[in-house]
Amino acid sequence: MKRFMVVFILACILLAIPILGFRYEESRQRNPISQVNMVEFNEIMKCLEGLPDMTQEAVNAELRDREVSFSYTILDKNEEVLYRSEEDPISASSIHSATKNRDTIRMIRIKDEVAGYLIIHNKMGKMEKEITDSQVKWYGIGAVLLLASFLLLSLWLYFYVIRPFDQMKEFAASVAAGDLDKPLQMDRGNAFGAFTESFDIMREELRDARQKEYAANLSKKELVAQLSHDIKTPVASIKAMSEVMEATTKEGADQEKLHSIGMKADQIDALVSNLFSVTLHEMEKLAVNLSEEESSSLEKVIRDADYKKRIRKLIIPDCLIQCDKIRMYQVISNIISNSYKYADTEILVESELEENYLCIHFSDLGGGVEESELSLITEQYHRGKNAEGIQGTGLGLYISKELMESMSGSLEVVNTRTGLKVSLYFKMS
């Protein structure tokens, strides 16, 4: 708010400059320079009326060295110009032109006869023209300063209001999409500086809450899987004992009851097996809705997921691919997040067209993983030795692989000379 007030005051000062300048120029132009000094006027009249004859030589000799504060012209009685105090384009050359210009006209009498005319020039027309020119000048300066003030205010609004608001909007969209790893850049200097830290704390709390919820769900599912496995053992024993007793019993009624016990044991075993397999198959069943997308959308997804700006090369050929945009973002975000977590190096992204697939390769410089673990890191719950001390569940690449296969594509992981390379294969339409 303080910066806004400084910008606003500065803009007001810039706008006030041309107004004050114009008022100063107007007051200077309207200085009483057009007023006639009566003492000087009377002296000129006295000199002219004291001449023996109104000739050009006599008038020039009398007035040539005389300095006065106003401009004037001397005409003889035939309205011929005898003398001008200064060369002026608007100087009167006759009584008619002097009257038209609203000049002051005084008759010069010598021996009680009209010998000529003293015309004092009216400079108001010239002054009005100068004031008009001054208005144009100062209004031009005002327009330039107004534009400068507008640009200054626009820049301030963009850098301290609009851009931070857009960043917060993108952050909110990212959080809504489920990306809780990308931090919000904090700047207390902008209009939303007081809120950015709170928003980022909210993101961290949501991430922690989601991880705790996930851990709780995982614990429940593991408990269900363990109980399912434990239940299968006594059920198998019950089934085996019922079969033995059925084989050794000769009574028909007892055999029928024992046979029923075996059938019920089979039903329980089938239900427990289904529960066990479903629990272990996936922590969460993810729906995939395929659609045709332009490959250029991949570039935006990769750029958005790369919030640390580690990708140094990104060129993707134009084509149409089959994918689910939401699941595609989850897969790419998971791969880049894994690179941040385990390699923390630059990421090289390469692409190529291979038969009916668009291949996107993500390579880091982290040294890769051991060859014995390479085929296992896409398995459920498996984490490499390089993951010790790093938070995780071992499901990221497993779920990513499952999603890519659900989108008619695939995910492959190989070691390179410099690090680990993860390749995504998107089927082209």
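A salt bridge here is a side-chain nitrogen of Lys or Arg within 4 Å of a carboxyl oxygen of Asp or Glu. Keep that in mind as we walk through this predicted model, where a search of the whole structure turns up three of them.

Let's start with Asp 344 and Arg 310, whose side chains meet at 2.8 Å, N to O. Asp 344 sits in the loop between helix 9 and strand 8 (347-354), and Arg 310 in the loop between helix 8 and strand 6 (311-313), so this bridge ties together parts that are 34 residues apart in sequence. Asp 344 is partly exposed at 44% relative accessible area, and Arg 310 is partly exposed too, at 23%.

Next comes Arg 66 with Glu 43, their closest N and O atoms being 3.6 Å apart. This pair also links distant parts of the chain: Arg 66 is in the loop between helix 3 (56-63) and strand 1 (72-76), while Glu 43 belongs to helix 2 (residues 38-49).

The remaining bridge joins Asp 304 to Lys 300, at 2.9 Å. Both lie in helix 8, four residues apart, or about one turn of the helix.

Asp 304 also takes us to the second largest pocket, as one of the residues nearest its centre. That pocket holds about 750 Å³ of space, and helix 5, helix 8 (296-305) and helix 9 (325-343) each give two or more residues to its lining.

Together with Leu 155, Leu 157, Tyr 158, Phe 159 and Ile 162, Leu 153 forms a nonpolar patch on the surface, with about 500 Å² of accessible area.

Definitions and conventions: Residues are numbered from 1 along each chain as its sequence is written. This is a predicted model: local features need pLDDT of at least 70, side-chain atom pairs count only at pLDDT 80 or more; totals for chains, interfaces and linings use all residues. Side-chain values use heavy atoms; hydrogens and water are left out. Patches are made of residues with over 30% relative accessible area and no salt bridge: like charges are joined within 9 Å, nonpolar side chains (Val, Leu, Ile, Met, Phe, Trp, Tyr) within 5 Å. Accessible areas come from the Shrake-Rupley method with a 1.4 Å probe; for residues, only the protein chains shown count as cover. On a 1 Å grid over the protein atoms alone, a cavity is a set of points where a 1.4 Å probe fits but cannot get out, and a pocket is an open set with protein on both sides within 12 Å along at least five of seven lines; lining residues have an atom within 4 Å of a point. Grid points are joined across faces, edges and corners, and a volume is the space filled by probe spheres set on the points. Buried means under 20% relative accessible area, exposed over 50%, partly exposed in between (1.4 Å probe, protein chains only).
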